[in-house]
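I begin with the model itself and then go through what I looked up.

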2 protein chains.
Amino acid sequence: MIPASENQPTRRIVVLTGGFTQPNVAKTAISVIRYRGVDVVAVLDAPHAGRTAGEVLGVGGDIPVVASLAEAPTATELLVGIAPPGGALPGEWRAIIAEAIARGLDVVSGLHTFLADDPELAAAAAARGVRLFDVRRNLEREVAHRRGIRAECLRLHTVGTDCAVGKMVASIEIVRSLVRRGVDAKFVATGQTGIMIEGDGCPIDCVVSDFVNGAAERLVLANQQHDVIAIEGQGSIFHPRYSAVTYGLLHGSMPDCLVLCHEVGRNEVWGMEGIRLPSLPRAVEAFEAAANLMHPCRVVGVALNGRTASDAELEAARRRVRDELGLPACDVFRHGADELAEAVLAHGRTIGKEPRPA
Amino acid sequence: MIPASENQPTRRIVVLTGGFTQPNVAKTAISVIRYRGVDVVAVLDAPHAGRTAGEVLGVGGDIPVVASLAEAPTATELLVGIAPPGGALPGEWRAIIAEAIARGLDVVSGLHTFLADDPELAAAAAARGVRLFDVRRNLEREVAHRRGIRAECLRLHTVGTDCAVGKMVASIEIVRSLVRRGVDAKFVATGQTGIMIEGDGCPIDCVVSDFVNGAAERLVLANQQHDVIAIEGQGSIFHPRYSAVTYGLLHGSMPDCLVLCHEVGRNEVWGMEGIRLPSLPRAVEAFEAAANLMHPCRVVGVALNGRTASDAELEAARRRVRDELGLPACDVFRHGADELAEAVLAHGRTIGKEPRPA
């Protein structure tokens, strides 16, 4: 997978958005800049050239937006920072990728269309000695075995009432909060953006269905040397499209506890008009029932995404979660994730999984 | 997919078992002979040559077991009838397949290793004008949309406490019982053996996980002109390995009713020592809860697989289901499937889905 930054201290990324700067479409770019901004030297987006990432994408402060790779001469890597509908490569971007290869840059892509399957790009990369990382490619072909699970590792999994409610962000922020208090915690990425940020993980939604549970189990095996792992969730058990992915991840990773993620004010499945989301109590009940088919598990907190909510709306939602469910609730951007991290540790103590002293 | 027999009245199959005649390993061969025996002209199995299919496999009566393709000169098709662990092609079988191609036979295979990806076999087949059907190959790349579902079509789905408990057989037998009483019913295959028998379907466990629900929905769309469809289940929501497949199929096909399949006397997940199966009441509750996340659904009967049970044991299990669950229960081989077919029709009437008069 992509070398983690500790192994590659000189990673200097140009993030390609190429005109697609709407939050929904550029969400990979935005998250990579948010969490690896220190490694990002420029955003490549000709229509917005001359401005800053902060102005154009809302994150990244003064990182320059440039019109060509020539304006980022120190770069070591081009990262395709959008997820176009269908996952294919916009035609004009092929030339940009070819230029990146010619300039000696590695290229990282989460598109469904694999760069390494393009004979010309593959040959050029081989000739130039650079690497093409197709983050979605995987060769998972092993079922789950339920062997070698380290009992002491506390497994947290983020789940959601829907897609795109902030499961990745909640996972990362909870891990950061744990690490700040000296806990050996690790974010376990399961989607393309998370993998780009963390440098490892498994693109679970691209795994052949027979091997999804197995791939999730192997993510646990590969990371359980840490005291706490936060396995990024995908989709929702309420989602007509993606529930297979959600269940496989939930069952294969056998979490001890869940953080339920929800966007305040969202009532319907994103992009599927007329399909209602469950209430939070119903969601807690259903996720706990599903998880407990495999391993004892409880929801320990709610991560509220207040993207479109006023402070008053967010506060009301928080209060409702506390009243109805007796659980801590917060927006990890507006309130931080400490309350959720505490809830995870408290649950660990009740089940005898206490992190080793730092 | 494989042409259905009504379109290809001259289908004359040689089933390759090649020495692997144990029921677990030869289960594809056994089911194909059971349900398409009229099309099977020989079993190719040199170690057992000279005997009959009935003697060697327990099905197929006097169908001859032969040592070479030359002994089945009328054949039009070679069907690979085993599912070896890992799904790969035993080395010595390649020569047999090459010979089949040279003799002008189509080749049907459910192996994970695709015949058409073998350059030599593919070239030989093209040159000879025969077809290589890799039943597991699929290009499913569409999510579910929840559009165009025909409300009047009654959707039955078979589910199980475990793998290999008879979901395919229960589906086929219930459909046959329905057809006998004049109902326009159709078996919808989701696994390799079912596809080989029925001539169409989708190998759901080989679909990329993001598209499993979508593939299941498309099976409904493709077959809902029938009054009743019986969608073959896969795996189990209690199975540590395959629950992603099971849920995707359950959610994508949106069944109105379920028949729960269970092997009498089986207490642990097949091949996973120490992992207990649920009680039948628990299984009914969990499957209904899972299905109802998407669509109103009830378990209407239990298909008991009495493979290893005495008559007395089977009768006791039947009585227990009736007492504990108030549901009809039968072994479709020993008692027939009429009771289950009746329960499906009765449920259809209660929800206003009544088949059109024949």
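How many bridges join β8(B) to strand β9 (residues 228-231) of chain B? I found that four bridges join them and that the two strands run parallel. I took helices (H or I, at least four residues) and strands (E, at least two) as DSSP runs, numbered from the N terminus, and I counted two strands as paired if DSSP finds at least two bridges between them.

Before going on, I noted that this is a predicted model, in which local features need pLDDT of at least 70 and side-chain atom pairs count only at pLDDT 80 or more, while totals for chains, interfaces and linings use all residues. Residues are numbered from 1 along each chain as its sequence is written, and chains are lettered from A and ligands numbered from 1 in the order in which they are written.

**Entry: strand β8 of chain B**

Within this pair, I saw that B:Val188 stands opposite B:Ile231 in β9(B). I then looked up both faces of β8 (residues 185-188) of chain B and found them covered, with B:Ala185 and B:Phe187 buried on one side and B:Lys186 and B:Val188 buried on the other. Here a residue is buried if 20 or more other C-beta atoms, placed from the backbone, lie within 10 Å of its own, exposed if 12 or fewer do, and partly exposed in between.

**Entry: the sheet in chain A**

Chain A has 11 helices and 12 strands. I traced an open sheet of six strands with parallel pairing, in the order β8-β9-β7-β10-β11-β12 (chain A), and its edge strands are β8 (185-188) and β12 (329-330), each of which pairs on one side only. Strands β10 (residues 257-263) and β11 (residues 298-305) of chain A pair in the parallel sense over seven bridges, and A:His262 stands opposite A:Leu304 in β11(A).

Next I looked up two helices that lie across strands of chain A. Helix α7 (residues 212-223) of chain A lies across β7 (154-160), β8 and β9 (228-231), running at about 150 degrees to β8(A). Helix α9 (residues 280-292) of chain A lies across β7, β10 and β11, running at about 145 degrees to β10(A). The axes are lines fitted to C-alpha atoms, for helices over the stretch in contact, and angles run from 0 to 180 degrees between N-to-C directions.

**Entry: chain A as a whole**

Of the 358 residues of chain A, 54% count as buried. Along its principal axes, the C-alpha trace of chain A spans about 55 × 50 × 45 Å.

**Entry: where the chains meet**

The contact takes 30 residues from chain B and 30 residues from chain A, where two residues are in contact if their C-beta atoms, placed from the backbone, lie within 7 Å. On the side of chain B that touches chain A, α7 (212-223), α8 (243-253) and α9 (280-292) of chain B each supply at least two residues, and the largest share, six residues, comes from α8(B).

I also checked how the copies are related, and a rotation of 180 degrees with 0.0 Å of shift along its axis superposes chain B on chain A (RMSD 0.0 Å). The two copies are thus related as by a two-fold rotation axis. Superposition is by least squares on the C-alpha atoms of residues with pLDDT of at least 70 in both.
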